[in-house]
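Here is a brisk report on one protein model. Please read it with the structure open.

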Amino acid sequence: FANMRIVRESPAMYASSTAKLIREKQRDGSMNWIYAILDGNAEQEDVMLNDPEFVLLPNPKWKRNEKNEFESIQDLLCLVLVRDRKLRTIRDLRSEHVSMLRRMRFKIAGELRERFGVVAERDLLLYFHYLPQFYHLHIHVSHHMRTHDRDVTRAHLLDDVLQNLERDGHYYSSVDLTYRSSSSSSSSHSNIVSTATSNTSH
């Protein structure tokens, strides 16, 4: 953790650094594996729900046994890929997306309840990461009993995101967002952020 630091990203820093990195990732093909799933060309055997607005599939970290069955419902971990390719992170969300996000939450909870029976909506955690691991909007779904990542700075619960957007439709484009940054995890992003931080501190 020696190379970790806390970044308080302003909208100006986002526009000059993170947005630039996102454009680079979109150009270099980093998102192609996601588009292959959304287009029905990859990992379709794992897709749990193929919806006009999103795709739901299990996260590989949800352990399976030798019969390829999930070992524990309390270890549940799924990934939801939003179909709208203009949405990269929570910074892109606006009030007009609230209805879509509510529909997604309802359908995801229903699908998991139908598949696994014992999963109630109150047992599920739905959340975004910022900064995310990849720059295409996605939601993590887990059982509340699952042991979670200790990096609490990255998690934004869906319920909180919905409430913020209902209060201010441009909330995530106008507020500072805090996250922990590592030079080893993304050297290009760290370099860009360092430059932006230096420029805004003068």
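Buried means under 20% relative accessible area, exposed over 50%, and partly exposed in between, with a 1.4 Å probe and protein chains only. Helices (H or I, at least four residues) and strands (E, at least two) are DSSP runs, numbered from the N terminus.

This is a predicted model, where local features need pLDDT of at least 70, side-chain atom pairs count only at pLDDT 80 or more, and totals for chains, interfaces and linings use all residues. Residues are numbered from 1 along each chain as its sequence is written, and side-chain values use heavy atoms, with hydrogens and water left out.

**Helix 1**

The buried residues of helix 1 are M13, Y14, S17, T18, A19, L21 and I22. In an α-helix, residues three or four places apart point the same way, because there are 3.6 residues a turn. A kink of about 30° is centred on T18. The bend at a residue is the angle between axes fitted to the seven residues ending there and the seven starting there.

Why does the end-to-end distance of helix 1 agree with expectation? Helix 1 has 17 residues (11–27), so at 1.5 Å a residue it should span 24 Å, and its end C-alpha atoms are 23 Å apart. The expected span is 1.5 Å times one less than the number of residues. Just after helix 1, G29 has a positive phi of about 85°.

**Fold and sheet**

The protein has six helices and eight strands. Along the sequence, the pattern is β-α-α-β-β-β-α-β-β-β-α-α-β-α. Six strands form an open sheet in the order 2-3-4-6-5-7, with antiparallel pairing. Its edge strands, strand 2 (49–50) and strand 7 (155–157), each pair on one side only. Strands pair if DSSP finds at least two bridges between them. Strand 5 (residues 124–129) pairs with strand 7 in the antiparallel sense over three bridges. There, H129 stands opposite A155.

**Whole chain**

Buried residues make up 47% of the 202 residues. The protein exposes about 10,800 Å², and carbon and sulfur atoms supply 47% of that area. Areas come from the Shrake-Rupley method with a 1.4 Å probe.

**Confidence**

pLDDT is the predictor's confidence in each residue, from 0 to 100. The protein averages 88, and 87% of the residues score at least 70.

| Segment | pLDDT | Contacts beyond four places in sequence |
|---|---|---|
| residues 184–188 | under 50 | three contacts |
| residues 190–202 | under 50 | 19 contacts |

Where pLDDT is low, the predicted coordinates should not be read in detail.

Key
Contact = heavy atoms within 4.5 Å.
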